[in-house]
Amino acid sequence: MSLRGTRRRPNATGSPKANPLVQYQTTLRDAIAFEGAGLHTGAAARVRVLPAPAGHGLRFRVDDAVEFPARADYVVETVRATVVGVGEHRVSTVEHLLSALLGSGVDNALLAVDGPEIPVADGSAKVFCDAIEAVGLTTLHEARRRWVPTETHLFRDGDKLLIVAPASSFRVRMIVDYPAPIGAQYVEAEITPDTYRREIAPNRTFGFLHEVEALIKRGLAQGGTLDNAVVFGTDGPVAPLRSPNEPARHKMLDLIGDFALLGAYPQCEVIAVKSGHKLHCTAVRELVAASQHDEAAAGRRPMQSQ
Ligand SMILES: [Zn+2]
């Protein structure tokens with residue numbers, strides 16, 4: 001696998017004249033901010049997403065104390081949510097915001113977080129996606145850094161499976177199989193800002209009524225309410241769904257957030273069967289490590305400096 005797209009434009013002044021063959025890096029036109037409770041801790045949380053220059057990538061600054069790239073080797077936990085951090089400075093449930101940034105095509109941003117968790121909003125990525133769309137993106141004068149596999153990779157964990165294959169764009173196929181009333185669902189999409197905003201971003205976190213009660217007993221889902229999650233009882237969802245296969249679409253949303261941890265824009269097809277944060281993050285960590293090894297072996301700079 002290799003990293004493509006580090007070529008600088010020969011004339012990098014003035015407004016970029018679009019070369020249709022090259023995708024350029026982007027950042028936000030202005031800062032955006034979100035405040036609210038986290039889903040799992042219920043604690044007040046605040047995150048500001050700030051514009052950043054080309055080559056910066058997506059990076060976290062936590063408690064004004066530590067800064068690190070949004071990359072799989074900074075994942076410290078994957079139980080029900082993706083948690084990143086350094087030492088005691090940790091941020092939980094980063095996947096929905098990262099998903100909105102990658103899905104909207106934002107290459108560079110600084111995520112300044114106060115609090116232990118990203119606010120849950122409505123349990124989907126819609127609030128983040130709408131805010132990104134409202135401020136808009138600026139095109140930068142450097143080609144997009146893409147993560148491009150040169151062969152097919154397969155990852156397994158019990159009955160969970162993840163296949164990452166070469167492709168000309170970022171495509172995801174997601175297969176889930178839950179107990180009734182959710183059952184088996186399938187969704188596939190080519191991830192572009194347009195398809196992401198319309199078909200993926202609005203789909204909410206979900207759970208079963210009995211499971212939610214158990215989570216609350218374990219001290220999780222403290223911020224969970226019927227306003228930020230779809231809850232399924234024995235007969236079906238207790239409130240209307242936003243799409244008939246909302247659980248599969250939310251799993252795709254989560255996967256896109258976890259694949260933002262590649263540290264470059266994925267140009268690959270991902271086929272996911274019953275996968276979750278643990279398998280996604282294991283796969284992405286191994287893929288990042290292999291890329292860094294390949295880059296080092298080829299005598300090039302590693303994929304992304306820290
Ligand atoms: Zn999620």
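This briefing walks through some strands, loops and backbone details of the structure above. The model is predicted, so please read it with its cut-offs in mind: local features need pLDDT of at least 70, side-chain atom pairs count only at pLDDT 80 or more, and totals for chains, interfaces and linings use all residues. Residues are numbered from 1 along each chain as its sequence is written. Strands (E, at least two residues) and helices (H or I, at least four) are DSSP runs, numbered from the N terminus.

- Strand β10 covers residues 109–114, and one of its faces, with Ala109, Leu111 and Val113, is covered.
- The uncovered face of β10 holds Leu110, Ala112 and Asp114.
- Two strands pair if DSSP finds at least two bridges between them.
- Strand β4 (residues 44–51) runs antiparallel to β10, and 6 bridges join them.
- Pro51 has Ala109 of β10 as its bridge partner.
- Strand β5 (residues 58–62) is parallel to β10, with 5 bridges between the two.
- Here Val62 has Val113 of β10 as its bridge partner.

**An open sheet of 5 strands**

- The strands follow the order β13-β14-β20-β15-β16, and their pairing is mixed.
- At the edges are β13 (153–157) and β16, each of which pairs on one side only.
- On average, neighbouring strands of this sheet are turned by 5° against each other, direction ignored.
- That angle is taken between axes, which are lines fitted to C-alpha atoms (for helices over the stretch in contact), and angles run from 0 to 180 degrees between N-to-C directions.
- Inside this order, β15 and β20 pair in the parallel sense over 5 bridges.
- Met174 has Ala272 in β20 as its bridge partner.

**Backbone details in the loops**

- Between β15 (171–177) and β16 (184–190) lies a loop that contains Pro181.
- The peptide bond from Ala180 to Pro181 is cis, with omega near 10°.
- Asp63, in the loop between β5 and β6 (66–69), has a positive phi near 55° although Asp63 is not a glycine.
- Lys274 sits in the loop between β20 (268–273) and α6 (277–297), and its phi is also positive, at about 60°, in a residue that is not a glycine.

**How exposed are these two residues?**

- A residue is buried if 20 or more other C-beta atoms lie within 10 Å of its own, exposed if 12 or fewer, and partly exposed in between, with C-beta atoms placed from the backbone.
- Asp63 is partly exposed because 15 other C-beta atoms lie within 10 Å.
- Lys274 has 18 C-beta neighbours inside 10 Å, so Lys274 counts as partly exposed.
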